[in-house]
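Here are my notes on the model, as numbered points. Please read them with the structure open.

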Amino acid sequence: MKKTLIASAIAAATISGTALAQESNLPTVYGNIQYAITHDNLDGGSSSIDHRDNGSTIGFAHDHEIVPGITGFLKIELEGIGANNKADSSGIDSLDEAYIGVRGDNFGQIWIGSDDSTYETAIDTIANFYEAADLSIGGSYSTGEGDLVQYMSPSFGGLTLGAAVQVNGDSTEGGKSYPYQLAAIYAVDSLELAFAMDSNDGTTEYSSDDLASDNENTYGLRATYAADSLSLTGEFQTRKDDGDTYGVMGVYTLGANQFALSYEMFSADADNSDKNTVTLQALHNLSDHMYVYVEGYLGGGDDNVWNYKDENGNIIESSDERSVAAVGAVYYF
């Protein structure tokens, strides 16, 4: 689950609480509880029903003026609450985001720590849009979300430039490595265009089960057109000797409701096989702090398989067609 909607909602809530927090110099506290019930079915195989915590988090954010025009900031977000089952929960046991940085009116911002990477933010939006995201495909890029130093420029007539480097020291398997990412995003009126690359020079496998074993670069393009209640997105990502990922998505809002439909496909270079997913979402905002949703995923492919894994990541069954239905609710503050 990678919650574009809830991330935006939390950002809005954080901004709304900034004035009070600054007056007392206390951090802004935010959080959410996320539940989902999913039905997972393999064609010709087994099916299962799962009630799960879908990524509940609690976070803290703070910023302050260092000198006029320059602001220091931090954010830390914790997850792993396991809110659906007290007996199996060990409390907050993992980190989602943690970083510190500075931003200025004239130079943009630079931050260091664990956060969504520059490439992921610029390009891989469809796979990160949905709530359950069980069969979302995403691109083949391997630079992870930790040990990052990232920079984002101010806008130059609608053009924003971004860069990131991951600092892997001697303790990392394979020795020193410095994988990096570059991005350019241009926004004009209702259109946003993005180009980015990932050097894939590290040892971290991050995005998919189909990553190339070498460090060939990943290149990605994205175009998003947003007008009134309709948003359309197209993506293309490629990595030599690994494969190409394509995606298209439409999102339509109607009052308190949101409807989304997307198609993603990964085409492998090695055997010319492909894997694809069609996703449909209907979401309703009950209030400013709570929403419910229904999502359906249909995964197929040509000479490729969808795997069903146990909690330890071991493959139990495989099939050329897999479907997932999810019903969920989120409360955030």
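1. The structure holds 6 salt bridges. A salt bridge here is a side-chain nitrogen of Lys or Arg within 4 Å of a carboxyl oxygen of Asp or Glu. This is a predicted model, so local features need pLDDT of at least 70 and side-chain atom pairs count only at pLDDT 80 or more, while totals for chains, interfaces and linings use all residues. Residues are numbered from 1 along each chain as its sequence is written, and side-chain values use heavy atoms, with hydrogens and water left out.

2. Start with R322 and D40. Their side chains meet in a salt bridge, 2.5 Å from N to O. The pair links distant parts of the chain: R322 sits in strand β19 (residues 322–332) and D40 in strand β1 (residues 28–42), 282 residues apart. Strands are DSSP runs of E, at least two residues long, and helices are runs of H or I, at least four, both numbered from the N terminus. Both partners, R322 and D40, are buried. Buried means under 20% relative accessible area, exposed over 50%, and partly exposed in between (1.4 Å probe, protein chains only).

3. Next, E192 and R222. These side chains form a salt bridge at 2.7 Å, N to O. Again the pair links distant parts of the chain, with E192 in strand β10 (residues 191–198) and R222 in strand β11 (residues 218–227), 30 residues apart. R222 is buried because its relative accessible area is 6%. E192, at 29%, is partly exposed.

4. K75 and E77 also pair. Their closest N and O atoms are 3.9 Å apart. E77 has a relative accessible area of 5%, so it counts as buried. K75, E77 and E97 are linked in a network of salt bridges.

5. Now S177. It lies in the loop between β8 (159–166) and β9 (180–188). Is S177 buried or exposed? It counts as buried, because its relative accessibility is 9%. Its side chain makes a polar contact of 2.9 Å with the side chain of N168. A polar contact is a pair of N or O atoms within 3.5 Å; within protein, one must be able to donate a hydrogen and the other to accept it, and residues adjacent in sequence count only if both atoms are side-chain atoms. Not counting residues up to four places away in sequence, S177 touches Q166, V167, N168, D201 and G202. Contact means heavy atoms within 4.5 Å.

6. G101 is in strand β5 (residues 94–104). With 14% relative accessibility, G101 is buried. Beyond its neighbours within four places in sequence, G101 is in contact with T71, G72, F73, I110 and W111.

7. A cavity is a set of points on a 1 Å grid over the protein atoms alone where a 1.4 Å probe fits but cannot get out; lining residues have an atom within 4 Å of a point. The largest cavity holds about 40 Å³ of space, the volume being the space filled by probe spheres set on the points, which are joined across faces, edges and corners. Its lining includes D124, E235, Y246 and E264. β12 (230–239) and β13 (243–254) are the elements giving two or more residues to that lining. The largest share, 3 residues, comes from β13.

How values were computed
On a 1 Å grid over the protein atoms alone, a cavity is a set of points where a 1.4 Å probe fits but cannot get out, and a pocket is an open set with protein on both sides within 12 Å along at least five of seven lines; lining residues have an atom within 4 Å of a point.
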